[in-house]
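Let's take a quick tour of a protein model, from single charged pairs up to a whole interface. Keep the picture open while you read.

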Number of protein chains: 4
Amino acid sequence: MNFASDNTAGIAPDILDALAAANTGFALGYGNDPATRALERQFSTLFEREVAVFLVPTGTAANALSLAHLTPPWASVLCHQQSHIMTDECGAPEFFGGGLKLIGLPGENGKLSPATVEAAIARYSGHRPHQVNAAALSLTQATEAGTLYRPADIAGLAEIAHKGGLKVHMDGARFANALVRLNAGPAEVTWKAGVDVLSFGATKGGAMAAEAVVFFDPAIADAMHERRKRGGHLFSKHRFLAVQMEAFLRDDYWLRLARHANGMADRLAEHLRAAGLTLVWPVEANLVFALLPEDLDRKLKAAGASYYVRRADMLAGNAAAADGLLLARFVTSFATTEEDVARFSALLDR
Amino acid sequence: MNFASDNTAGIAPDILDALAAANTGFALGYGNDPATRALERQFSTLFEREVAVFLVPTGTAANALSLAHLTPPWASVLCHQQSHIMTDECGAPEFFGGGLKLIGLPGENGKLSPATVEAAIARYSGHRPHQVNAAALSLTQATEAGTLYRPADIAGLAEIAHKGGLKVHMDGARFANALVRLNAGPAEVTWKAGVDVLSFGATKGGAMAAEAVVFFDPAIADAMHERRKRGGHLFSKHRFLAVQMEAFLRDDYWLRLARHANGMADRLAEHLRAAGLTLVWPVEANLVFALLPEDLDRKLKAAGASYYVRRADMLAGNAAAADGLLLARFVTSFATTEEDVARFSALLDR
Amino acid sequence: MNFASDNTAGIAPDILDALAAANTGFALGYGNDPATRALERQFSTLFEREVAVFLVPTGTAANALSLAHLTPPWASVLCHQQSHIMTDECGAPEFFGGGLKLIGLPGENGKLSPATVEAAIARYSGHRPHQVNAAALSLTQATEAGTLYRPADIAGLAEIAHKGGLKVHMDGARFANALVRLNAGPAEVTWKAGVDVLSFGATKGGAMAAEAVVFFDPAIADAMHERRKRGGHLFSKHRFLAVQMEAFLRDDYWLRLARHANGMADRLAEHLRAAGLTLVWPVEANLVFALLPEDLDRKLKAAGASYYVRRADMLAGNAAAADGLLLARFVTSFATTEEDVARFSALLDR
Amino acid sequence: MNFASDNTAGIAPDILDALAAANTGFALGYGNDPATRALERQFSTLFEREVAVFLVPTGTAANALSLAHLTPPWASVLCHQQSHIMTDECGAPEFFGGGLKLIGLPGENGKLSPATVEAAIARYSGHRPHQVNAAALSLTQATEAGTLYRPADIAGLAEIAHKGGLKVHMDGARFANALVRLNAGPAEVTWKAGVDVLSFGATKGGAMAAEAVVFFDPAIADAMHERRKRGGHLFSKHRFLAVQMEAFLRDDYWLRLARHANGMADRLAEHLRAAGLTLVWPVEANLVFALLPEDLDRKLKAAGASYYVRRADMLAGNAAAADGLLLARFVTSFATTEEDVARFSALLDR
């Protein structure tokens, strides 16, 4: 009953197999190998256009490198105040970006609204050179609240951003979970909706450690080669990053894994609701947030359930955490089993 | 006949097996798992003292994080002018170190002499606050020239460094190759000789991607947690870094792998010498540098041998590359086979 | 009728005279001159303890250098969301601090409350190494709203900060204006109340360009020599910074200049109030904020009055700007004349 | 007899007068004043083309901002190994440049030769993304050795640089001293010869603290507004920077001041030569380097002469400092008097 995070899971079987299969013979290092070349083509096919792809081992690296690439040091990135870049990356975007600024904005259900973004752009424009103006908008898909932007939402926000001269970044650590729920194609929710750069996540989805920075306009990607190397993120035995990603994408494996994770979340949500608990946000990906009485929390933990109780301030402006209630986050993954969900459900019922 | 680099090899079998063996159940992320805890104890045992260990996926990350930790942004690192940090890390130490300066010093056989280091410390001291003074000395073991510092060499240099107020870093990307040749213990060539922080390499030695920053004084290591995270180098599924390293160290596997690589280099060196070619530096680890006539180079390459021809300026002050001769670098690894060496040797003989 | 800013004024007469008087003979550069030595003693006397002083030409430099000195790159500075460091320094603290983070907090009348600071410290503590924890608290005295912290306010906030392990910085660009109103001594409102580092402003008060970073614990100041030089802020003809400051401090000149500026602000406030206008915040220093009808604004501007109309969001949580009303900021200085205030008042009356 | 540096002098009379004259009435801050606007036009006239000008108070700021603007963080600046940016700015270029690298090159008489620059560009090109490639060439005019590049020298070096894709920066801390000796116009030795950005010095020449970054292609200058502000180098009372520079340039005042300084250096050189001492480098600006016997050094110092004895390694590859000889540097300025030179000469004669 491990619902602590999707990164408490291991490696999805096909991906581990791919590591073993690739472990034969010699290959040039630093991405100059056939597997990396093939993967680059695979990404272009996947996104229905020529893209530039840079593999890195962590989502923090993917986000920080992307944002540093889009934003000069004297500019700012608009993002949700609960986004991972804002709260959980120890200032990596600021570090890679030479001291750029993240502007955390409020938004219901973990999402930014057009009005909020429009107002922020208006505020963080002009007054040069005193103010740190906005140069990029970062959207998280799925969000930290487990909710989703629809393609039309993204298109609307991206239009506002582009009109204001901002580039659009998408943190897609849980991109697959979003896709399978939206029943949309990768292109549709990214560049066709106005996304300029995507942090394409595979680690939470089932890889050991593999993320891709995807530039939809390869013309602006060139210096990313140096950024990645200089950040210590260029693997020498690069083929082992490439084959993780290749196996993830092959035959819609990533979508199948995500569909399972989302399904487990749905089932968990159902059980929690059936037990009379309040779900805080719509369950659209693989995260479920519920308000738990403290004694139930103790009982679940004692029975071996693992999940995080988050800070209540995450709820500000969304729902009021009544006294004696905790905000609990349950995360499912490709490795969550029906048995575990059933055991957990049984605990709720008693 | 791939002698291009030790990173063209794949994953050593026991390490791949360890990845598979670890792929069971759930584990807390970010290093809060039992495998990481066990590895930390393993390192303290290995080095015969309490150490602080931080795993990262690349040698560039290990070096850059280490040097940034030892050196304030307004100070400098003394190193060999041909060291990897100086020539091949795209300014990672300068980036992580907030603009610190690397001072490249000359030295025969890829090594720094006490006189050179002493003079450099004298020069890069005082004249505050105008000059970028020296705060750290970085030694590479084995060096980029494939040569070694003896324990007494290290102790002598470290004493000079410490007397001048500098900390001592060792880039041990090929630390195992050095150890097996020196027939010395890990403690003996590091902290017992005065090394403060070690970049302990496993990737070139056989891991997929795993390096360790080892602090011999855990008291100064604390903020490295933040540095690593902020650099995007903290793995979420951290156990897969830990078990690579655990398998590398278990039952002297790392030393056996290195012994094989060194042995292959010795054999290669013998063949090159027997063919009448000049070896440029003593062969003490798994690198062999030879002066190759251009037509021999063409013949070897045509027959499928892979190796790098390096810039001739690496030879400055060491040996004169006669006209028509190239400086060729041959690197062996755990994966180099006797057959490959024999085939290569046969090409030389003809 | 120039009320645009206290930096639209020129140089106070005694300070200009001091520049001329110092322009004789030769003096060693970079602060190694007798005038600088004397000034350092003068500061220690002024603050009733040994202090370390670093002169720089701008307030942005003083703030950014101070904050970078107190805060590691992976930590954050708590400050008011309307503070100058947050809104008007183009990310200088983030730049000098290697990517540190400013956390802007709300607070009535431009001031932070103990409850707000306490909650922020609780939030930005722990969760290592994911979160950017708080390492410093920056208070502005006088605030951007023209209000003041009482010595007891500062002591209370500093106690909370120190208990949480934070250092306390004071942005004293208008420190003199605060002092004369509080009728308190420099020591009383700084280190005796728990301030660790002060940006001591002279430029707005009457200097050409001179600010001092004052460390109340000289033991932590050492590397500031390098920070200042490396930031390009160490003057070669340093005596001309020192004598500006010396003249500013001599015979309470700075306090007399500030008293005049405050008095002009009081008078302006009186006239605005008498004209039936709403003053937004208490007038405690040399800034007056009033809600102006748009047609009055046009009339005043047409008659030659100069002042800024600020963004209305500065009012959030304080007072509601009614439709058709602008938030106008009037700043007085040592150079503001009674005639100008009278002329302005006459315009209001009509 | 103060020959320690040109920055031990005070403010040239006309410049001090200009400060006083400008001290009237109010002016908008941050460069939005008429004096700044006028100065910008004056610079365009002076250089016979539209230029973009940014005033800052120190030469270190001017150099660091310029180089950071021309060079990405992962690239390098080629410069003389004895240049001020390399030895005396405490890493300011590296700091402002986000960790860029300075490559110090040798060169006779303090100057870089075409062959050296060509070889360095060849070396620091390619091998992406491992190596820190060259993006800018920085020339010092006059050099730290007191020597000059002829217009044809500059044109030759700039052509090599541009062909390699590098931009050309000139550190003109002593630009006036160079101009009057070369009998050339400002345009001729800068953009007409291929210089892209100039650090135009006035401080050593007679200002209190005023330098200008001059972009010969205003199209690339835009973000310098933010860089300067963010570096804490945008003066609020900006008119007092502008009028220093205006007075410096008016009626060739700067050239007259420089002509005097150079003349004093010539006379000093003559006396030293007449006393049988060896001059180390050609005396082309306002610096004289001589080899002094130690006892003469003691005698001169005892009699009140002030000058620096520099590190002997500055001589490497130029002339051998015989045992018992010191390398003494004498610097003259607009404030050096004929009487002082005569007194000094009399000491030599005895």
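A residue is called buried when its relative accessible area is under 20%, exposed when it is over 50%, and partly exposed in between (1.4 Å probe, protein chains only). The model is predicted, so local features need pLDDT of at least 70 and side-chain atom pairs count only at pLDDT 80 or more, while totals for chains, interfaces and linings use all residues. Residues are numbered from 1 along each chain as its sequence is written, chains are lettered from A and ligands numbered from 1 in the order in which they are written, and side-chain values use heavy atoms, with hydrogens and water left out.

**Salt bridges inside a helix**

- A salt bridge here is a side-chain nitrogen of Lys or Arg within 4 Å of a carboxyl oxygen of Asp or Glu, and over all chains the count comes to 55.
- One of them joins the side chains of Asp297(A) and Lys301(A), with 3.2 Å from N to O.
- Both residues sit in helix α12 (residues 294–302) of chain A, four residues apart, which is about one turn of the helix. Helices (H or I, at least four residues) and strands (E, at least two) are DSSP runs, numbered from the N terminus.
- Is each partner buried or exposed, or something in between? Asp297(A) counts as buried because its relative accessibility is 10%, while Lys301(A), at 35%, counts as partly exposed.
- In chain C, Asp297(C) and Lys301(C) also meet in a salt bridge, at 3.2 Å from N to O. Asp297(C) is buried at 10% relative accessibility, and Lys301(C) is partly exposed at 35%.

**A salt bridge between distant parts of a chain**

- Lys204(D) forms a salt bridge with Asp6(D), and their closest N and O atoms are 4.0 Å apart.
- This pair links distant parts of chain D, 198 residues apart: Lys204(D) is in the loop between β6 (197–201) and β7 (211–215), and Asp6(D) is in the segment before α1 (13–22).
- Lys204(D) and Asp6(D) are both buried.
- Over in chain A, salt bridges with shared partners join Asp6(A), Arg174(A) and Lys204(A) into one network.

**The sheet in chain A**

- Chain A has an open sheet of seven strands with mixed pairing, in the order β1-β7-β6-β5-β4-β2-β3. Two strands pair if DSSP finds at least two bridges between them.
- Which strands are at the edges? They are β1 (52–56) and β3 (101–105) of chain A, each of which pairs on one side only.
- Strands β6 (residues 197–201) and β7 (residues 211–215) of chain A pair in the antiparallel sense over five bridges. Along that pairing, Ser199(A) stands opposite Val213(A) in β7(A).

**Where chain C meets chain D**

- 53 residues of chain C are in contact (heavy atoms within 4.5 Å) with 53 residues of chain D.
- The size of an interface is often given as the accessible area lost when the parts come together.
- Buried area is the accessible area (1.4 Å probe) that two parts lose on being put together, summed over both. Between chain C and chain D it is about 4,300 Å², with carbon and sulfur atoms giving 62%.
- Phe26(C), Arg230(C) and Lys237(C) supply 19% of the area that chain C buries against chain D, more than any other three residues.
- How many salt bridges does the rule find across the interface of chain C and chain D? The rule finds zero there.
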